[in-house]
Amino acid sequence: MLSGDDFDADIAERYGWVNRTLDDKDLDSFVDTLVRRLASFDREALGAAKAQINRFGTPTAAELQSSNDMFFPTLAWPTAQARRARVRNIGYGLRSDFELNFGRYLPAFGRADDDDTDKQPA
């Protein structure tokens, strides 16, 4: 989480973050088959299955609030503000190599508490 690194589908599958990866050419067929299979069940059965999964897979309101309480105040830290300014200056939010490969650019920013807020990645 702290590295800001990007992981391709094969690595995510190997780490157990996803249970399956598909080549682009196979995605439409897989989704079509899955949708037909799901549509064959009664709505009540799907609702019951979803409720059972969510019992263990959905954080509680208190857990979500705790995460928000820890994370959002960090955005006001001076070091975070300086880093956010650097990111905005090089095109954050615009489709670009920076946006698609964010993790590779992070080291070019230097430490978040450096005084040089004008530093640009190479």
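This is a predicted model: local features need pLDDT of at least 70, side-chain atom pairs count only at pLDDT 80 or more; totals for chains, interfaces and linings use all residues.
1. The buried residues of α5 are Ala80, Ala82, Arg86 and Val87. They lie on the same side of α5, because the arc that they cover around the axis is only 160°.

2. On the face of α5 that is turned away from its buried side, one finds the exposed residues Pro78, Arg88 and Asn89. Just after the helix comes Gly91, whose phi is positive, at about 105°.

3. Confidence deserves a separate comment. The average pLDDT of the protein is 82, and 86% of the residues score at least 70. Among the elements, helix α2 (residues 24-39) has the highest mean pLDDT, 94, while the lowest, 78, belongs to helix α7 (residues 102-105). Over residues 116-122 the pLDDT is below 50, although this stretch has 14 contacts in the model beyond near neighbours in sequence.

4. As to the overall make-up, the protein has 7 helices and 0 strands, and along the sequence the pattern reads α-α-α-α-α-α-α. Buried residues account for 11% of the 122 residues. The accessible surface comes to about 10,200 Å², and carbon and sulfur atoms contribute 55% of that area. Of the contacts between residues at least 6 apart in sequence, 39% join residues at least 24 apart.

5. The structure holds 4 aromatic pairs. In one of them, Phe7 and Trp17, the ring centres are 4.9 Å apart and the planes stand at 85°, so the pair is edge-to-face, a class that calls for planes over 60 degrees apart. This pair links distant parts of the chain, since Phe7 belongs to the segment before α1 (9-15) whereas Trp17 sits in the loop between α1 and α2, 10 residues apart. Together with Tyr15, Phe7 and Trp17 form one aromatic cluster.

6. Phe7 counts as partly exposed, with a relative accessibility of 37%, whereas Trp17 is exposed, because its relative accessible area of 52% lies over the 50% cut-off.

7. The loop between α1 and α2 also contains Thr21, which counts as partly exposed at 23% relative accessibility. Thr21 and Ala9 are 12 residues apart along the chain, yet their C-alpha atoms are separated by 6.0 Å. Leaving aside residues up to four places away in sequence, Thr21 touches Ala9, Asp10 and Glu13.

Note on methods:
Residues are numbered from 1 along each chain as its sequence is written. Side-chain values use heavy atoms; hydrogens and water are left out. pLDDT is the predictor's confidence in each residue, from 0 to 100. Helices (H or I, at least four residues) and strands (E, at least two) are DSSP runs, numbered from the N terminus. Contact means heavy atoms within 4.5 Å. Buried means under 20% relative accessible area, exposed over 50%, partly exposed in between (1.4 Å probe, protein chains only). The arc is that of the directions from the helix axis to the C-beta atoms. Rings of Phe, Tyr and Trp (its six-membered ring) pair if their centres lie within 6.5 Å; planes under 30 degrees apart count as stacked, over 60 as edge-to-face and the rest as tilted. Accessible areas come from the Shrake-Rupley method with a 1.4 Å probe; for residues, only the protein chains shown count as cover.
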